Amino acid sequence: MIIFAAVIAVVLVARSTSHTVDASTAQSSDTLREFGRYLFYDPTLSVDSSTSCGTCHQQFAAFAHIDHAMSHGVMGRIGTRNVPALQNLQQQTSFMWDGAFANLAMQSVSPLTGHAEMGSTLSDVLARVAAHPRYRQYAAHLYADKQITIPRILEALAAFTGSIVSRSSRYDAMRDGKLAFNDNEQRGLDLFRARCASCHAEPYFMSNDFVSNGLPLDSIMPDDGRYRVTQRDEDRYRFRVPSLRNVAITFPYMHDGRYRRLRDVLEFYATPALHASYADARIRTIGSLNDAQRKDIIAFLLTLTDTLLPRNPCYRDPHLP
Ligand code: HEC
Ligand code: HEC
């Protein structure tokens, strides 16, 4: 698998340099994105044709999986982490809670072949995609040699997921001067800027850094986080700072989905006794938050819900009526 992945990485790099010539027209980038959208919602890419990317990444939940702490894949197999939202991925320099992938296209190899995700093999995926008339049409349109290859499949998936943008929330409208926050929202934003934004930075409310927010270790399923990727002691229990856009519709929260409600998250941050010793120093400066302050921060977080993304026809499952 690792050798195969390395070969694909080389091919992808080679392709991305020739990309500007290859796909120079806006039309072919639209076609590539459409190719990716069909693949994203295609359950036949999984071993038993039961599970597509869209099974776990649901549009109405900003492409997270609502109400599931751990992801559910083929044959009822349960994964080990909470499904993250997919949005503004162009802003991310790495992918997964621990940043295991530095390349969005490469990331797809993991769910396609993961035992607890789609459980397929890359050669099965290629055979199924190459046999499908719709995909053959896309390839004929996109590539001079008309061939469907694994790197092209991965590139199409990334073209689709990379096109998912969140920029239509109340917060965005406020920033554009189109509306004013009410008092609760404004107080919440001020508190957020003082206590939370050093990690969850505006306007994407994320960062590409790996830090610990002080979550105590889960005794049943301990997760080393970034350490898994780097094997450096200081990276133990660190995770990438996730975006808080659409946080109202992406519950439950954290890499293991341990909190169901935003109130629980605020309770955690505002209670120093709950913070593990390895917490980033910035967590200690959050301090206490009284009931009214917590409500204000939540009122602000609710302004980050996108009105367009969950209904945008460009991201929709094309198989739905
Ligand atoms: C069984 C559920 C499941 C399926 C199916 C699935 N994913 Fe995911 N996805 C996850 C989970 C869980 C994570 C986080 C994994 C981790 O951090 O280790 C994730 C992470 C991601 C990320 C990284 C997001 C980020 O912010 O870092 C991308 C991109 C992604 N998936 C795309 C896809 C694509 C494309 C497919 C289909 C080829 C797919 N996923 C299929 C559960 C799933
Ligand atoms: C030191 C950096 C840091 C600070 C400060 C911080 N966070 Fe976080 N936050 C993180 C990290 C890292 C995670 C992911 C942790 C994990 O899953 O293990 C996270 C996760 C979250 C989540 C869950 C998101 C999801 O999709 O699961 C919410 C909600 C959240 N933070 C809100 C806040 C609020 C509100 C504040 C201020 C009171 C705050 N954070 C301050 C680093 C920080």
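Is R152 buried or exposed? R152 is buried, because 23 other C-beta atoms lie within 10 Å. A residue counts as buried if 20 or more other C-beta atoms lie within 10 Å of its own, as exposed if 12 or fewer do, and as partly exposed in between, with C-beta atoms placed from the backbone.

Before going on, some conventions. This is a predicted model, in which local features need pLDDT of at least 70 and side-chain atom pairs count only at pLDDT 80 or more, while totals for chains, interfaces and linings use all residues. Residues are numbered from 1 along each chain as its sequence is written, and chains are lettered from A and ligands numbered from 1 in the order in which they are written.

Back to R152, which lies in helix 8. Helices here are DSSP runs of H or I with at least four residues, numbered from the N terminus. R152 is 13 residues from A139 in sequence, and their C-alpha atoms are 8.9 Å apart in space.

Next, how helix 8 meets helix 2. The two pack at an angle of about 95°, with their axes 7 Å apart. That makes helix 2 roughly perpendicular to helix 8, a label for angles of 65 to 115 degrees. The axes are lines fitted to C-alpha atoms over the stretch in contact, and angles run from 0 to 180 degrees between N-to-C directions. On the helix 2 side, the residues include L32, F35 and L39; on the helix 8 side, they include I153, A156 and L157. Contact means C-beta atoms, placed from the backbone, within 7 Å. By class, the residues of this contact are nine nonpolar, one polar and two charged. Nonpolar covers Ala, Val, Leu, Ile, Met, Phe, Trp, Tyr, Cys and Pro; charged covers Asp, Glu, Lys and Arg; the others, Gly among them, are polar.

Now the largest nonpolar core, which has 40 residues. Such a core is a set of buried Ala, Val, Leu, Ile, Met, Phe, Trp, Tyr and Cys residues joined through C-beta atoms within 7 Å. L39, I153, L154, A156 and L157 touch the most other members. Helix 8 gives the most to this core, with eight residues. A second, separate core has 24 residues, including Y171 and L244.

Last, the ligand. Around ligand 1 there are 28 residues, of which C53, C56, G73, W97 and P111 come nearest. A residue is near if its C-beta atom, placed from the backbone, lies within 6 Å. Helix 3 gives the most to this shell, with three residues. The shell has 15 nonpolar, eleven polar and two charged residues.

Definitions and conventions
Parallel < 35°, antiparallel > 145°, perpendicular 65-115°, else oblique. Contact = placed C-beta atoms within 7 Å.
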